[in-house]
Every structure is written in structure tokens, then in C-alpha cells.
Amino acid sequence: MRLPWDRWKRPDASGGAFPAQGAAWLLAAFFLGACSPSAPKAAAPQPLPGEVLSQGQGIYEQLCATCHFDGHGSPTAPALIDSAIVKNSPDEMIGSILHGRNGPMNVNGQIVNGIMTAQNTLSDEDIAAVVTYVRHEFGKADQLTTPAEVAARR
Ligand code: HEC
């Protein structure tokens, strides 16, 4: 005789596969749920602290803007917007601010030859903040430059 619950006991493949698949999905869902919120967070860059950006902006407007204007450059200084140095070389920026720079250089395909005076009366914190700000504002590069990196180049 075939009882109604006999069909749950049938040892055929489909009857057995369904619960196993269900368990696999549950497991996958669990791992996705457990991993996905933390994985992208770990890979994403840290947001830059607002107080560092505003400190850097203050220094830029007071000092750098006299030559570089609003970032597009001026007759006396090259553009910072989209400059490869601003995008990729915080170390070179720190060096230019600490020691000044002159002599011909290629900025975005244009040869410039001017004199940037050293701004080495600024503190390590101020230089770190202005480099962080300029890279964020003009280079679309969000990366914190630390006072320790500046101190190492003095
Ligand atoms: C006295 C004018 C002057 C001031 C002030 C000045 N710069 Fe410059 N800067 C220049 C000149 C001129 C050059 C190009 C030097 C050369 O021809 O070798 C330059 C080059 C640069 C470069 C590399 C080239 C580029 O366009 O990417 C960066 C970055 C830079 N300056 C950032 C700054 C920052 C940040 C400040 C403020 C802390 C600052 N400068 C202050 C005149 C100035």
C-alpha cells in the first residue's frame, strides 16, 4: 500500500537533490550575506577628514593661489588640474614645497620654466594638508598625505 508520506521517502534522484540544492543555496546566501557588506568596505579608500581638507584649502588660497590661481595655472605658474605630478607623485609635491623648484619641466605636455619658491616655513601638518587638498581638488586623487611623510623629506 502507498501511504501519502511515502513520496517523501522515495530514494530517487530528484527527491534527494532538491533538499541538497536548497541547502547549497542557503549556504551561498549565508556567505554572500556574511561577506558582501565587509568586503567592498575594506577595498574602498578611506574618506579624507574634512578638517584636513579645509586646513589644506586655507593654505592653498593663502599661498599657492598667488601663483597657481584657481588650479588652471597663470603666466607665472603651471596648471595643477590634471597634472600627472598632482595625480601620482605626492612625494615630488612635498619636495617642491619644501625645497622649491625651477628649470624646464613638462606639465601636461607643455614645457614650463619658472621658479617656485620654497614654502618651508610651513609646518609638516600644513604641508601634508595642502598636498592632500590639492590632490583631492585638482587631481581627483583621494589619498591622505601624513605629516610623517613630510618630516621624512625635510
Ligand atoms: C612663487 C610662485 C609659486 C608659489 C607660491 C607656488 N608655486 Fe607651485 N610652481 C610654481 C612654478 C613656477 C612651478 C614650475 C617650476 C618649474 O618650471 O620648474 C611650480 C610647480 C608646481 C608643481 C609641479 C608642476 C605642476 O603643475 O603639477 C606643483 C604640484 C606645485 N607647483 C604645487 C604648489 C603648491 C601646492 C603650492 C603651495 C604650497 C605652490 N605650488 C606654490 C610657482 C609657485
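Residues are numbered from 1 along each chain as its sequence is written. Because the model is predicted, local features are reported only at pLDDT of at least 70 and side-chain atom pairs count only at pLDDT 80 or more, whereas totals for chains, interfaces and linings use all residues.

Leaving aside residues up to four places away in sequence, Val134 touches Tyr60, Leu80 and Val86, a contact being two C-beta atoms, placed from the backbone, that lie within 7 Å.

The ligand is surrounded by 30 residues, of which Cys64, Cys67, Ser83, Gly114 and Met116 are the closest; a residue belongs here if its C-beta atom, placed from the backbone, lies within 6 Å of the molecule. This shell divides into 18 nonpolar, 11 polar and one charged residue, with Ala, Val, Leu, Ile, Met, Phe, Trp, Tyr, Cys and Pro counted as nonpolar, Asp, Glu, Lys and Arg as charged, and the others, Gly among them, as polar. The largest share of the shell, five residues, is supplied by α4.

Ala77 lies in the loop between α4 and α5. Ala77 counts as partly exposed because it has 18 C-beta neighbours inside 10 Å, given that 20 or more other C-beta atoms within 10 Å make a residue buried, 12 or fewer make it exposed, and values in between make it partly exposed, with C-beta atoms placed from the backbone. Not counting residues up to four places away in sequence, Ala77 touches Cys67, His68, Gly114 and Met116.

In α6, the residues Pro90, Met93, Ile94 and Ile97 are buried. They lie on the same side of α6 because they cover an arc of only 100° around the axis, the arc being that of the directions from the helix axis to the C-beta atoms. The buried residues of α6 pack against α5, α7 and α8 (147-151). Helix α6 is followed by Gly100, whose phi is positive, near 75°.

Note on methods
Helix = DSSP H or I, 4+ residues; strand = E, 2+ residues; numbered from the N terminus.
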